[in-house]
Amino acid sequence: MSEKRIQQLELQVQDLTNRLNTRNDENLTEVWLDSADIKKLFHFSDSKLYRLRKANKIPHELIGGTYVYPKSYFTKTLLQKIKNREKLE
C-alpha cells in the first residue's frame, strides 16, 4: 500500500473517531424522560405509549427495566407534528 493511501486512511479513521466522540458527548447531555413523564406531558395512555414503542415510532431505550425517551425528540418532532396537525398513530 502506498504511503499516500495510508495517510488518507489515517485521516479517515481520525475523522470517524472525532465524529463518534461528538455523538457520545451529545448523548451524555441528552435529557431522558420516563414513561410517566411522557404520559403526563402528552396525555398518552399506557397502551398508546406501548403501541408507539412497538411500532418504533418513538425512540426509546430500556434501562434497568424502565423505558426512557429522549426529550429532544419530543420537543422537536412531536411538537412540530402537533403544529402541523398531523395525527400520531
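This is a predicted model: local features need pLDDT of at least 70, side-chain atom pairs count only at pLDDT 80 or more; totals for chains, interfaces and linings use all residues.
Residues are numbered from 1 along each chain as its sequence is written, and side-chain values use heavy atoms, with hydrogens and water left out.

**Fold and burial**

The protein chain has four helices and three strands, in the order α-β-α-α-β-β-α from the N terminus. Helices (H or I, at least four residues) and strands (E, at least two) are DSSP runs, numbered from the N terminus. Of the 89 residues in the protein chain, 19% are buried. Here buried means under 20% relative accessible area, exposed means over 50%, and partly exposed lies in between (1.4 Å probe, protein chains only). Among contacts in the protein chain with a separation of 6 or more, 50% come from residues 24 or more positions apart; a contact means heavy atoms within 4.5 Å.

**Strand pairing**

Two strands pair if DSSP finds at least two bridges between them. Strand β1 (residues 32–34) runs antiparallel to strand β3 (residues 66–70), with three bridges joining them. Strand β2 (residues 61–63) is also antiparallel to β3 and is joined to it by three bridges. Val 68 in β3 is the bridge partner of Asp 34, and Val 68 is the bridge partner of Glu 61 as well. The hairpin of β2 and β3 has two residues between the strands, and Gly 64 takes a positive phi near 60° there.

**Aromatic rings**

A pair of aromatic rings is described by the distance of the centres and the angle of the planes. Rings of Phe, Tyr and Trp (its six-membered ring) pair if their centres lie within 6.5 Å; planes under 30 degrees apart count as stacked, over 60 as edge-to-face and the rest as tilted. By this rule there are four aromatic pairs. In one of them, Phe 42 and Phe 74 have ring centres 5.5 Å apart and planes at 35°, so the pair is tilted. This pair links distant parts of the chain, with Phe 42 in helix α2 (residues 35–42) and Phe 74 in helix α4 (residues 71–83), 32 residues apart. Phe 74 also forms an edge-to-face pair with Tyr 69, at 6.2 Å centre to centre and 80° between the planes. One aromatic cluster is formed by Phe 42, Phe 44, Tyr 69, Tyr 73 and Phe 74.

| Residue | Relative accessibility | Class |
|---|---|---|
| Phe 42 | 18% | buried |
| Phe 74 | 2% | buried |
| Tyr 69 | 0% | buried |
| Lys 39 | 26% | partly exposed |
| Asp 46 | 53% | exposed |

**Charged groups**

A search of the whole structure finds one salt bridge, defined as a side-chain nitrogen of Lys or Arg within 4 Å of a carboxyl oxygen of Asp or Glu. Its partners are Lys 39 and Asp 46, at 2.3 Å from N to O.

A charge sits over a ring if NZ of Lys or CZ of Arg is within 6 Å of the ring centre and within 35 degrees of the ring normal. Lys 48 lies over the face of Phe 44, 5.5 Å from the ring centre. The charged end of Arg 53 sits over the ring of Tyr 67, at 3.8 Å from its centre.
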